[in-house]
Amino acid sequence: MWRPFRFARLGFAGRDGAAPGPVLARTGPALLGLALGVLALGPALGPGFALRYDMVFVPNPPLRLNDGFPRAVPSDQVVALLSALLPAEIVQKLILLGLFVLAASGAGALARDVLPGGGIVPRLAAAAFYAWNAYLAQRLLIGQWALLLGYAGLPWAVRAAARGGTVRLAAALLPAAAGGFQAMLVSALTVLPVAALRGRGGGGGGRARAVLSSVAPSLGVVAVLSLPWLVPALVPVLRADAAADPAGVAAFAPRADGPFGTLGSLLTLGGIWNSHAVVPGQDMPALAAVRLALTLVAVAGFVRLGFVRRPAWWPGLAAAACAGVLIACAGAFAPGVPRALIGWWAGFGPLRDGQVYVAPFALAQAVGVAVAVTALRAAMPAPVAAAAVAVPVLVLPTFALGAFGRLGTAEYPEEWRRVQAVVNGDPAPGALLSLPWSAYRAFSWNGGRVVLDPATKMFARPVVWNDALVVGTGGGGQIRVAAESPRARRIGALLAGPAASPLTGPLTREGVRYVLAGGVDENTFLSRLPGATPVYRGRELLLVRL
Amino acid sequence: MLKVLAALAVGAVLAGVASVAVVNVAAPTAEPPNKPLYNYGDR
């Protein structure tokens, strides 16, 4: 009898013999994830596109690369390819639901590995926690579905890294690879320590060699799967014309979204920089208190697991969770460190939004919840313990129904599709300049939800847009994070020039063929583009060919 | 029995807090702003 872990043998199956069928045991977490996805997305599953902040899906998306840092590589290309098979709005819904299914099934599988006799309830609890928490909710509300592909695949990647085998790891990292740079960075932060620390025994040089031989194949897989965004990201860095504004640290540092300060928010998996991405009601003291209590229980469960069983992935996941929280804390409590790093080398730019790296801590907590529920199961009648599966939802209930309407759908007005057809039907080369000169819009037809300019995704030619970011601070202040695209910086300077100065020549020299303007005074606007030809006029959009 | 009662009490508290949160959030709120341009977000 393995006494220290005896409670694991007293779970759903072992105690009353009511073992779930093998199909239910395997598919239960995935089905729970699907149900949670339907509950969380709610109105976002209706007809049309769910458009919010960085989540921009467009009809008939083309295959193309944009200027600037390749944040949407290869996620945009994957969506474009899938949209050749299915309507883009269906692709979006499948991806969003898939996030929940993948996350829940992965957390359930990890719990099953470590609690083989624990029954299905702990697996479902882990699945529910990992698919329904502040991290996933906030990143969904800011529209970072591509990052969440990495988050959702993280449990599978951890299992694969612990077991070894490059093919297995590559398969597990495919969702993150499709997601792009943030998804892969979060995955690398987790997978590499797991691979490095999975081996046991040995010492001195033997130990170092074992770590190296464990980590090298994983590093190779991570590097190869990162190539689609790594190459276009590193070329400007190596050319020294990449820009990563250190002001981004102040703009995107974690913030307190509840009564327990920034650290309390991070520990409860919240703390995103944007106050509009917080789940409504999340800051209620009573709700925040029960979430914090759940966090303490989950951490205790995870630590206990390390003492009594210590699965191969435990040391690496523990290290990744600590490292992730430290990176997040650096932005809030020691901002000079990431500022200095980013100022020294633009390649450190991804450190500015440190809360992203809390993902492995979320996974550690999910496993900890499973351990705690297993112990609960040993002391309680089955129905009482089974009710623990609902706890993650109860401590964040307002994530339901698209966070009570924060997520919803909208149909693009017909004029967007017409403009897209005109531009994409023109074989002549040249970029499209999107105006007004601001990255984010709040269209009335999208319910006033803020969204990245859809023009950035719609056209089969380079789109020049203002990738400088403006973040509001308390008291009406603003933090401006400088543009990253060199061409956007140059064109921004042109547009900021004297109001009467003509733009046609300078824009043509910058390789611009079309200007798409929304909500402008046509007469004033066209007076700056002498010789240009308006090719489409609608209520909202004006398309001009230079 | 005591443990079960404690668990039920915790469950009741959770359900109560969740209900209050839902009721608060579901209450009518002002229409979202309809600005043509917007910050990336506000801290």
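Predicted model: local features only at pLDDT ≥ 70, side-chain atom pairs only at ≥ 80, totals over all residues.
Me: Let's begin with the overall layout. Into which domains is chain A divided?

Reply: Chain A is divided into domain 1, covering 10-43 + 50-405, and domain 2, covering 414-545. Their C-alpha centres lie 35 Å apart. Where they meet, 23 residues of domain 1 of chain A are in contact with 30 residues of domain 2 of chain A. On the domain 1 side, helix α12 (residues 247-252) of chain A gives the most, with four residues. That side of domain 1 divides into twelve nonpolar, four polar and seven charged residues.

Me: And where does UniProt place the feature "transmembrane region" in chain A?

Reply: The unreviewed UniProt entry places it at several stretches of chain A, including 172-197 and 354-376. For residues 354-376 of chain A, the figures are 78% helix and 0% strand, with the end C-alpha atoms 34 Å apart.

Me: Now a sheet, please. How should I think about strand pairing in general, and what is the strand order of the open sheet of five strands in chain A?

Reply: The general idea is that strands of a sheet pair through backbone hydrogen bonds, either parallel or antiparallel. In chain A, the open sheet of five strands has the order β4-β1-β7-β9-β8, and its pairing is mixed. At the edges are β4 (463-464) and β8 (533-537) of chain A, each of which pairs on one side only. Something also packs on this sheet: helix α21 (residues 414-424) of chain A touches β1, β7, β8 and β9 (541-545) of chain A. The direction of α21 makes about 10 degrees with that of β9(A).

Me: How many bridges join β1 to β7 of chain A?

Reply: Five bridges join β1 (residues 431-435) to β7 (residues 512-518) of chain A, and these two strands run parallel. For one pair to look up in your viewer, take Leu435(A), whose bridge partner in β7(A) is Ala517(A).

Me: Which residues stand opposite Gly472(A)?

Reply: Gly472(A) stands opposite Gln478(A) in β6(A), and opposite Asp42(B) in β1(B). The bridge partner of Val471(A) in β1(B) is Gly41(B). Between β5(A) and β6(A), the hairpin has five residues, and Gly475(A) takes a positive phi near 80 degrees there.

Me: How do I read the side chains along a strand?

Reply: In a regular strand the side chains alternate between the two faces of the sheet. Along β5(A), Leu469(A) and Val471(A) point to one face and are buried.

Me: Let's step back to the interface. How many residues of chain A are in contact with chain B?

Reply: There are 41 residues of chain A in contact with 25 residues of chain B. On the chain A side, α14 (285-308), α19 (391-394), β2 (440-442) and β5 (469-472) each supply at least two residues. The largest share, four residues, comes from β5(A). By type, the side of chain A that touches chain B has 25 nonpolar, 13 polar and three charged residues.

Me: Finally, what does chain B contain?

Reply: Chain B has one helix and one strand. Of its 43 residues, 21% are buried. The unreviewed UniProt entry annotates residues 1-20 of chain B as "signal peptide". In the model, residues 1-20 of chain B are 95% helix and 0% strand, with end C-alpha atoms 29 Å apart.

How values were computed
Residues numbered from 1 in each chain as written. Chains lettered and ligands numbered in written order. Pairing = 2+ DSSP bridges. Contact = placed C-beta atoms within 7 Å. Axes fitted to C-alpha atoms, helices over the stretch in contact; angles between N-to-C directions. Nonpolar A, V, L, I, M, F, W, Y, C, P; charged D, E, K, R; others polar. UniProt positions renumbered as here; feature names shortened; annotations may be inferred. Domains from an automatic or database assignment. Buried ≥ 20, exposed ≤ 12 C-beta atoms within 10 Å, placed from the backbone.
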